[in-house]
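Biologist: I would be grateful for a close look at one part of this model, with its surroundings described in order.

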Amino acid sequence: MTRRWPGFWVSERAAPPLLLLGLTGAMAAGVMLGPYPLSPIEVAGTLAGRPPDPQAAIVLWNIRLPRVVAAALIGAALAAAGVAYQTIFRNPLVAPDILGVSQGAGFGAVLGILLGLPVLAIQMMGFVFGVATIGLVMGIALALRGMGQVLVVVLCGMAVAALAGAGISLVKLLADPDDQLPAITFWLMGSLAGIKQADVAAALPAILAGLVPLIALRWRIGLLSLGDDEARTLGVEAGRLRLLVILAATLLTAAAVSVAGVIGWIGLMVPHMARLVTGPRFDRLLPVALAMGAGLTVLVDAAARSIAVQEVPLGILTAVLGGPLFLWLLARGVRSWAE
Amino acid sequence: MGGVTPLVEARGLAVGHGGRTILSGVGLSLHHGRILCLLGPNGVGKTTLFRTLLGLLPPLGGEVLLGGSPLAGLGRSQVAQRLAYVPQSLATPFAWRALDLVLMGAATRLGPFARPGPAETARAEAALALLGIGDLATAEITRLSGGQRQMVLLARAIAQGAEAIAMDEPTASLDFANRIRVGKAIRGLAARGLGVLMCTHDPDQAAELGDEALLIERGGVLAAGPVAEVMTAARLTRLYDIPVRREALPEGRLHFSGPSD
């Protein structure tokens, strides 16, 4: 059944091929662009196993492809976490970074680096601190009886993010200035510049583990956007489902942060872009957000290494895009949310 | 109604939250095809009673039976199959399409990993058509009027397939014409055999729509029974703490009004 949705751009049947096409295009551009540009012929030849130029093969396999795949994974993970948080908190202004989860996970990961832990343990630290952060934000919002108020949740997230930022600064102070501090500072900038194949492999299991429950329960999760009581009267175990979604979204955030540092705004922007195409049904929203998050992050990362002689950290570009969008959302909704 | 199991029954029910009892000794029974109206001043505990009947709050005493089964032994989805809920207003900030909102009524019949398919869509479309709002299916609810939104929520309750529907002041925020439309739709549901439990602020509406009334005062039930018998001027005067006059209009309808001076 194809039906044109009023107010939306794309029909239900046309959306998947268009999204795949867009994502493929973004990844192709991402592979070719950079300080050492690759031509389509070089890329195709190398991928087919007959590299026209050994130098191109090294750039593609060791630098470009890991970086493009990492950008796609991180973008998809942050976008999925963003739609999940927005849906279950009934709040169009929240996202992993706005709730402070990214910064909390970053604090955990930085502590892991300070303690000299292996990669997997650093991810786990990120996850545990991310869960603690979202728990703290929800606890404060509940104590203020403001869990249902859009701006109260956002402000609680900001405060907790500031706390996590203070924790990160403290760790930097304690870190070994010759060895650990450069690693932490470099990683914190939110950049994909140093990505290796091993980093991608390390993040993949956590990202998959976070995505599986969201994909499996994708229709039912949408019902949580009505509020707990209403969802329960429709037969949904709202409390349990919400907890599962929070854990999954936080795992996705922690996995993304432990690879690339705190990359803001993707998790806020992409859900709104995707909702324009699909409307709020979570089962339609999630796949579109995954593809858009992946594509957008790949493109922004390609721009980050192409627009200037020196590479611009990815986080700066996402903030340039995301900040104005946040203000626009605020301007549009501020009257109805102020109450 | 001798021998017929009520759709919703409360026996000696005490409700409240945080360990504080707000109402106690509440008894009620809702049967097929009947409309039971809950009347009482603001803050008396009607919403708390509703939440308890829906299994959202644990009872502080007594028991609730849905279709003869104790509520305490039913899971969320079993409760939802017996008693649907129409909230006073929608609390979602997102622009759901009307049809997608009605489709949510299928959640009780779908497994946790399932999505609604053609059968559920047909059922949702039928529910919208039954209320005469089939043309709203693709409309975004944020663009609908309060009355249309309320009708969409009614359609969702129908699609949910429960035999009883609880409505929390379904016409509170509606204009005159929409109150009449929604009121007619509610009567239509009862005519199809559904039991309707509704809170209302308007004694006239209770007298017009209701078969039975349950008057709730501070602490418990003031009176319960058929509308014409229960809703006397004396009882409403006590209930609302203001002199109330009751008149019988020519077609046998009741009209209540406050002091004229």
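Which residue in strand 2 of chain B stands opposite B:L13?

Modeller: The model is predicted, so local features need pLDDT of at least 70 and side-chain atom pairs count only at pLDDT 80 or more, while totals for chains, interfaces and linings use all residues. Residues are numbered from 1 along each chain as written, and chains are lettered from A and ligands numbered from 1 in the order written.

B:L13 stands opposite B:V26. Strand 1 (residues 8–17) and strand 2 of chain B run antiparallel and are joined by 7 bridges; strands pair if DSSP finds at least two bridges between them. Strands (E, at least two residues) and helices (H or I, at least four) are DSSP runs, numbered from the N terminus. In chain B, 4 strands make an open antiparallel sheet in the order 2-1-4-5. Strand 2 (20–30) and strand 5 (69–70) of chain B each have a single partner, so one side of each lacks a neighbour in the sheet. Helix 1 (residues 46–53) of chain B packs on this sheet, touching strands 1, 2 and 4 (61–66), where contact means C-beta atoms, placed from the backbone, within 7 Å.

Because 12 of the 15 residues are buried, helix 5 of chain B is largely enclosed by the rest of the structure (buried: 20 or more other C-beta atoms within 10 Å of its own, placed from the backbone). Those buried residues pack against elements of chain B including helix 4 (118–130) and helix 6 (176–191). Just after helix 5 of chain B, B:G161 takes a positive phi of about 85 degrees.

Note on methods: Two residues are in contact if their C-beta atoms, placed from the backbone, lie within 7 Å. Axes are lines fitted to C-alpha atoms, for helices over the stretch in contact, and angles run from 0 to 180 degrees between N-to-C directions.
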